[in-house]
Amino acid sequence: MSEQTTSGGAVASPPADATPPSGGGRASSGIQNLLSGSVGRNLGLVVALLLLIVVGTVTAGADFANLSNALTILRQASIVGVIAIGMTLVIIAGGIDLSVGSVMGLASVAATLAAVQDLVDDTHWVFMILMALGVGLAAGLINGIVIAYGNVVAFMATLAMLVAARGLAEILAERRTLIVGDRGFINALNEDILGVDILIWIFVLVAVAGWVLLNRTTFGRRTVAIGGNREAARLAGIDVRRHTMWLYALAGLSAGIAAVMILGRTTAGTSTHGLLYELDAIAAVVVGGTLLVGGRGTITGTVFGVLIFAVLTNVFVQNNLTSSVQAVAKGVIIVVAVLLQQRFAKPVGRSS
């Protein structure tokens with residue numbers, strides 16, 4: 001055993017437990033690092049989802065555990081899921097968007113106005129889709145410009161858009177439900193592809209596009225950098241204001257896509273579409289592991305978060321539980337998710 005000489009001349013031996021790290025220790029550390037990262041978080045979401053499925057199967061039996069009900073769950077999750085994808089990007093960058101539900105309602109009304117439907121009769125129903133997407137994108141751009149260049153806090157700017165968009169939708173619709181008259185549009189949005197509802201396919205495509213954008217592009221890396229440390233991102237040469245503007249534009253575009261989906265599902269546009277959808281989307285994003293303070297998050301986690309809430313709602317419906325009980329359960333899940341974030345999140349390099 002080697003010895004060390006202290007400053008006083010005495011000879012000291014190393015502690016008895018100072019053994020060199022073993023290969024097993026390194027392997028254990030590697031597993032811990034893996035589980036503490038996005039893989040571990042997503043694994044926890046998979047376990048939670050599987051537990052809910054088991055509970056639904058045990059309590060509701062065959063009414064829950066069948067392919068038809070599974071497709072129903074996915075269909076119900078798809079619209080909020082699309083909004084949640086856009087919301088994920090905004091929250092990763094350290095922002096928030098409270099207006100997406102109202103923007104969705106406004107887009108659905110704008111796309112079903114009499115003037116728009118007359119134009120559709122003379123051209124093609126694709127124009128109705130373009131109108132909804134355009135309104136969503138425009139509302140998101142307004143949010144982004146006000147926040148990025150007007151230096152207005154995101155919470156207040158999007159809260160103002162929430163109120164204004166809902167009010168404008170009521171004015172345009174004259175508080176009426178606007179029926180979609182074009183059968184081609186309705187038929188197209190109710191098609192099945194390989195036995196799966198087209199709304200589910202839209203959700204899948206948006207989720208894949210969001211994953212690629214976040215994980216395989218410079219835009220995604222810059223989004224994470226801005227959320228991790230805004231000032232450092234600016235000093236690194238990122239145009240933070242322009243990037244922020246486009247993030248909110250994408251959130252608005254996702255609300256426009258959701259508006260098209262709800263039009264296909266309900267065959268009507270109304271100012272009440274999307275009511276409180278922003279809260280459902282934020283809840284799914286948070287449960288999916290995205291930090292509310294920004295800097296970390298995954299599209300995969302958001303998808304699992306959306307599915308967890310959709311399955312939970314379906315289990316409650318199958319067991320004839322009231323919406324009040326559902327609301328309490330969702331609230332508990334959100335609080336637990338935030339507490340876990342505070343316990344395990346370790347932001348690095350965040351400015352004060």
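Student: What makes a residue a contact of Ser108, leaving aside its neighbours within four places in sequence?
Tutor: Contact means heavy atoms within 4.5 Å. On that test Ser108 is in contact with Ala259, Ile262, Leu263, Gly269, Thr270 and His273. Ser108 itself lies in helix H4 (residues 100-111); helices here are DSSP runs of H or I with at least four residues, strands are runs of E with at least two, and both are numbered from the N terminus.

Tutor: A word on the basis: this is a predicted model, where local features need pLDDT of at least 70 and side-chain atom pairs count only at pLDDT 80 or more, while totals for chains, interfaces and linings use all residues. Residues are numbered from 1 along each chain as its sequence is written, and side-chain values use heavy atoms, with hydrogens and water left out.

Student: Why is Ser108 called buried?
Tutor: Buried means under 20% relative accessible area, exposed means over 50%, and partly exposed is in between (1.4 Å probe, protein chains only). Ser108 has a relative accessible area of 0%, so it is buried.

Student: Why is the pair of Trp125 and Phe185 called edge-to-face?
Tutor: Rings of Phe, Tyr and Trp (its six-membered ring) pair if their centres lie within 6.5 Å; planes under 30 degrees apart count as stacked, over 60 as edge-to-face and the rest as tilted. A search of the whole structure finds one aromatic pair. The centres of Trp125 and Phe185 are 6.1 Å apart and their planes are at 70°, so the pair is edge-to-face. It links distant parts of the chain, 60 residues apart, with Phe185 in helix H8 (residues 183-188).

Student: Which of these is buried and which partly exposed, Trp125 or Phe185?
Tutor: Trp125 has a relative accessible area of 21%, so it is partly exposed. Phe185 is at 1%, so it counts as buried.

Student: What makes H14 largely enclosed by the rest of the structure?
Tutor: Of its 20 residues, 15 are buried, so H14 is largely enclosed. Val311 is in contact with Leu49, Leu52, Ile53, Phe64 and Ile73, leaving aside its neighbours within four places in sequence.
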